[in-house]
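Welcome! Please open the structure in your viewer and keep the selection tool at hand.

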Amino acid sequence: MVRLGTGIGWRPEIAEAVEGMPGIDWVEVVAENVCPGHLPESLTRLRERGVTVVPHGVSLGLGGAERPDEGRLAALAERAGTLRSPLVTEHIAFVRAGGALTASSPIEAGHLLPVPRTRDALDVLCENVRIAQDALPVPLAVENIAALISWPGEEMTEGQFLYELADRTGVRLLIDVANLHTNHVNRGEDPAKALAELPLEAIAYVHVAGGFERDGVWHDSHAHPVPQPVLDVLTDLASRVAPPGVLLERDENFPEAEEMERELGAIRRAVEEGAERRDAGVGTAAVVGVRPGPRQGSLGAARERLALAQTAVLSALVAQAPVPEGFDRVRMGVQARALAAKRADVVAKVAPELPVILGDGYRAAFLAYARTRPMTDGYRRDALDFAEHVLAGRPEDASARRELLEWWLERSGSRPRSRRPAVRLARATRRVLLRR
């Protein structure tokens, strides 16, 4: 087992601050945001200092009905090799649905959604994890996610589900204590019970993050300070086992370096308090829950059933389809709005020119677009499709329309546009004709 120590999520916005922080043993990077051939200089310097870098994937969708995409697996493997990482991590979640298994158009969530804790979903997840393990050059760890919605008819608790997954595949677990707290508020699940049912020896490391509560719903924002209840769950975990690594996540609303250092100090104290309880023999012992029975029927049939269920849920969230029976309609509405807001925020980061061109009208225009246009091919394609949608409506602001058209023409082709004078003249002529 790799001993990682205390770490923080590396983000470009806080790269300089992270380099200057004392006591940072390792960092975690979003795998999809790193180009192996062009590593940020900050990450290179950290590696040269002996700081471990772990790639954390967000788009593999191991909990989806389809087999993991070979291209995404190859990209994750390449990043692990480039960063010389001792392991890679991903999520127990589905991020897309539809496609061949349902004979419907593929759609994407743009975010992590919970898998049902059923035998079908567990069987599919176990095979998907094994496929990923075979394709990766280093061990894989998978993370429990936060959820706003609950699946009806679940057959296992979270702890039982994770125990069986680790037992059947040998996969390591990335336990996010903030997500356990989120599921406590949103789904009434006891974090202590989940920890008691986990195979503690399988823990690779731990995530800690902040969030906020609104109207009885906890939002795992990664943009707020870590609250005491999350630190309490971390202490409980540390009273049961010494976590190999603990990492602070922060994705937005970055505070000053001193504030992040104070949060890291609070995390260290929570772990130390747990260790004291463990040494004093007051930690809670693990509990093995009811193990799920053997699978009934073929794995192919399980994939088809799971595909239909996940497509129905995702269609309700992003394509205004009816909410499937058994789901909380209010919570589904909250989740749908959260997905649309997340999508608008990420597109604004992927294509920062769009909010500049459209000004204060960007967000309202994007949310209106998102209500009728599910994402189908990632955020960059989504940005182009949104711009095309706006242009089709012929914005009243002529200046904004020209800028948006120029932006779209520059990026919609398969290669950068030529700078040759004759080609530029032809483009200018085309723009004039398009404005008529």
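**The whole chain**

Start with everything shown, and keep in mind that you are looking at a predicted model. Colour by secondary structure: the protein chain has 16 helices and twelve strands. How does the radius of gyration fit with a compact globule? For 436 residues, such a globule would have a value near 22 Å, and the chain has 23 Å, which agrees.

**Stop one: α4 and α5**

Select residues 119-135, which are helix α4, together with residues 158-169, helix α5. Their axes come within 10 Å and cross at roughly 40°, which makes α4 oblique to α5. The crossing of this pair is right-handed. Coloured by class, the contact of α4 with α5 shows seven nonpolar, two polar and four charged residues.

**Stop two: α6 and α8**

Next, pick helix α6 at residues 177-187 and helix α8 at residues 228-240. The two axes come within 8 Å of each other, with a crossing of roughly 120°. The crossing of α6 and α8 is right-handed. On the α6 side, select V177, A178, L180 and H181; they meet P229, V230, V233, L234 and L237 of α8. Which classes of residue make up the contact of α6 with α8? Eight are nonpolar, one is polar and none is charged.

**Stop three: the annotated domain**

Now select residues 307-391, where an unreviewed UniProt entry places the feature "domain: SCO6045-like C-terminal". This stretch is 76% helix and 0% strand. If you draw a distance between the C-alpha atoms at the ends of residues 307-391, they are 35 Å apart.

**Stop four: α11 and α14**

For the last stop, select helix α11 (residues 329-350) and helix α14 (residues 378-392). Their axes come within 9 Å and cross at roughly 90°, so α11 and α14 are roughly perpendicular to each other. Show K342, R343, V346, V347 and V350 in α11, and you will find them meeting Y379, R380, D382 and A383 in α14. The contact of α11 with α14 contains five nonpolar and four charged residues, and no polar ones.

Terms used
Residues numbered from 1 in each chain as written. Predicted model: local features only at pLDDT ≥ 70, side-chain atom pairs only at ≥ 80, totals over all residues. Heavy atoms only, no water. UniProt positions renumbered as here; feature names shortened; annotations may be inferred. Helix = DSSP H or I, 4+ residues; strand = E, 2+ residues; numbered from the N terminus. Axes fitted to C-alpha atoms, helices over the stretch in contact; angles between N-to-C directions. Parallel < 35°, antiparallel > 145°, perpendicular 65-115°, else oblique. Contact = heavy atoms within 4.5 Å. Nonpolar A, V, L, I, M, F, W, Y, C, P; charged D, E, K, R; others polar. Left-handed = near helix turned anticlockwise from the far one by under 90°. Rg over C-alpha atoms; globule rule 2.2 N^0.38 Å.
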